[in-house]
Every structure is written in C-alpha cells, then in structure tokens.
Amino acid sequence: MKSLAESELVLNPDGSVYHLNLSPEDISDLIIVVGDPGRVHKVTQYFDSVDFEMNKREFITQTGICNNKRVTVISTGIGTDNVEIVMNELDALVNIDLKTRQIKDKQRRLKIIRIGTSGSIQADIPVGSLVASVNAIGLDSLMYFYQFAQTPEEQAINKLLQQKLQLGFEPYCASGSQELLQQFAQDMIEGNTVTAPGFYAPQGRQLRIPSTNPKFLQELNYFHHNNFWLTNMEMETSGYYAFGRMLGHEVLSLNAILANRINNQFAKNPEKIIDDLIQKVISRL
C-alpha cells in the first residue's frame, strides 16, 4: 500500500497532526465541537474530570470523563474552511496510521456533535429556541474541491436556491445523522440550516459596503421546495455534514438561536441560551 507523502499528510516533529497538534490517543470517538475557543471550558466544566488539554491556534482540545464516557471537546474557530481542517485531521487520527502514513483497512466512525450559535430566518422561531439541523445548505465553494455525491432531491434544492438567490455558483446540500438526531434533539425544533461564508453580506447584513442582493434575507425567508423550508443561518454546519458523509462519520449540528433576523431581535442573555444547549447535550451523552 502506498504511503501518503509528507507534503500531503503534514505532521509535527512529535508525530501529531499539523494544525490540531493531536495524537490518536488524545481523542475519544465521541467529540463535541464548538466554534469559540472560550466555549470549550463552558462545556468541560460539567465533566467529572479532564485528563488532556492541547492549545494550538484557535484549536483548543480537552478530553475527559463525562457521564462515565470519554469525551473530547474541540474548538474550531469560524467557518467551513476551519471545519475542513478539523474534519480531515480528526479522521486522519483514527483512520490513517500516522507512523506508516497508510490508510487503515478498517475504518473507525466518530460521533461528532456541534454546539453552535445561529440566527433564525423564520419569524416563528424565536430567540432562545434550540434548532437541530436535519439538513444544511452550503453557500460556500468548499465542495467544488471534493468528490461529493448528492441525491437528486438535494440537487433540485441546490439549483432552485441558486436561481432564487441569483448566485454565480451552485450551493450544496447535506444531511446530518439520524442516529444522533434521535439521541439529542427530541425536544428541539428540527430545521434546515443555511451555512454562509461570512457574517455580514453573506448573511444579509449591510454596514458601509452595499450588498449585491438587498433582498437576500427575504429570499431565504420565503424559499421552499415542497415541504423543505429554511430555518436558520450560521457558518459551519454544511461543512460538517458534507465531510461526515464523505468520511463516514456521524455528525449533528445543534444551534442556540441568539437572533431572529426577520423580527430584528437579539438575545438579551445569549450565554444562558448557550448554556441551556450545553447542559442538554451533556445530559444526553
């Protein structure tokens, strides 16, 4: 079997993966991912113990025991570009022999739960809600660089949304884990999440620079294909779902709704909403 070149699978001098600075023994098969590095401790404060920590760039990792299970928490920073790094390197830790640089014959499946923040794009999803992403639509170009298979229904949604938003490229669509959805989201709103490649114009905001589509948010609000409606918007979920599909991992994105974009509302106490989501996830591990 051919070994992966040093320039393709980049490792640190100690043999750890390049960006996360982790070795296989540092992580569990059950992983919680958060965007904000400061949110890692807000999750692990509920652990029984933490026995490992690594800080590298925006990627902070802690592994410990929670509810008699070994659990890892990792911060990713913002955006699907960071998600691409995290998902590839997590997969390399469990499915590539880092010493021989060869892909293992038997693949391990990770369970990855995103605890994130989001804004609703429907008036009837109020601030303080918790939304579980059944599907995610990526408005970035990341999947143009991967062989990513989609269903005919997903392709139909992509083409229709491209037309509605007058985009010069076709979005991509991916679904999350039904297994994890049943485990974690029984009392949450199930929705379809838009993943944007930015926070301002790509999410329909305008400060000093004019947007190319002033009706962008309105188009998202009205968009539907049969019973498929868009519920909320953030910056990572589609990346997680696409890589989960390609690499064979179970992934679920859970969203604390801090803003209602249609009603122009923002949470008075966002940390309480986030902590509510964290505690629900911890209790269901």
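Mentor: Let's start with a term: a salt bridge is a side-chain nitrogen of Lys or Arg within 4 Å of a carboxyl oxygen of Asp or Glu. Keep in mind that this is a predicted model.

Trainee: Okay, how many salt bridges does that rule give?

Mentor: The count comes to eleven by that rule.

Trainee: Let's pick one. Which residue does Arg109 form a salt bridge with?

Mentor: Arg109 forms one with Glu179, and the closest N and O atoms are 3.4 Å apart. That pair links distant parts of the chain: Arg109 is in the loop between strand E6 (102–103) and E7, Glu179 is in helix H4 (residues 178–184), and they are 70 residues apart.

Trainee: What lets side chains pair up like that?

Mentor: Side chains of opposite charge can pair when their charged atoms come close.

Trainee: And what does Lys111 form a salt bridge with?

Mentor: Lys111 forms a salt bridge with Glu179, with 2.9 Å between the closest N and O atoms. This pair also joins distant parts of the chain, with Lys111 in strand E7 and Glu179 in helix H4, 68 residues apart.

Trainee: Which residues are linked with Arg109 in a network of salt bridges?

Mentor: The network links Arg109, Lys111, Glu179 and Glu250.

Trainee: Why does Glu179 count as partly exposed?

Mentor: Because its relative accessibility is 32%, and partly exposed is the range between buried, under 20%, and exposed, over 50%. Arg109 is partly exposed too, at 39% relative accessible area, and so is Lys111, at 25%.

Trainee: New topic: E7. Which residues does that strand cover, and is Ser118 found there or elsewhere?

Mentor: Strand E7 covers residues 111–120, and Ser118 is found in it.

Trainee: Is Ser118 buried or exposed?

Mentor: Buried, because its relative accessible area is 8%, which is under the 20% cut-off.

Trainee: What does the side chain of Ser118 make a polar contact with?

Mentor: With the side chain of Asn232, at 2.9 Å. Leaving out residues up to four places away in sequence, Ser118 touches several others, among them Met233, Glu234, Asn255 and Ile257.

Trainee: Now H3. How far apart are its end C-alpha atoms, and what should the helix span?

Mentor: Helix H3 (residues 152–165) has 14 residues, so at 1.5 Å a residue it should span 20 Å; the end C-alpha atoms are 20 Å apart, which agrees.

Trainee: Which residues of H3 are buried?

Mentor: Glu154, Ile157, Asn158, Leu161 and Leu165 are the buried ones. They cover an arc of only 100° around the axis, so they sit on the same side of H3.

Trainee: And which residues are exposed on the other side of H3?

Mentor: Pro152 and Gln163 are exposed there.

Trainee: What do the buried residues of H3 pack against?

Mentor: They pack against several elements, including strand E8 (130–138), strand E9 (172–175) and helix H6 (237–247).

Trainee: What follows H3?

Mentor: Gln166 does, and its phi is positive, near 55°.

Trainee: Which side chain does Lys159 meet in a salt bridge?

Mentor: The side chain of Glu170, at 3.2 Å from N to O. The pair links distant parts of the chain, with Lys159 in helix H3 and Glu170 in the loop between H3 and E9, eleven residues apart. Lys159 is partly exposed, with 44% relative accessible area.

Trainee: Last one: what does the UniProt annotation cover?

Mentor: The unreviewed UniProt entry has "domain: Nucleoside phosphorylase" for residues 30–259. That span is 27% helix and 34% strand, and its end C-alpha atoms lie 29 Å apart.

Notes
Residues numbered from 1 in each chain as written. Predicted model: local features only at pLDDT ≥ 70, side-chain atom pairs only at ≥ 80, totals over all residues. Heavy atoms only, no water. UniProt positions renumbered as here; feature names shortened; annotations may be inferred. Helix = DSSP H or I, 4+ residues; strand = E, 2+ residues; numbered from the N terminus. Buried < 20%, exposed > 50% of the residue type's maximum accessible area, 1.4 Å probe, protein only. Polar contact = N/O pair within 3.5 Å; in protein donor to acceptor, adjacent residues only side chain to side chain. Contact = heavy atoms within 4.5 Å. Expected span 1.5 Å × (residues − 1). Arc of directions from axis to C-beta.
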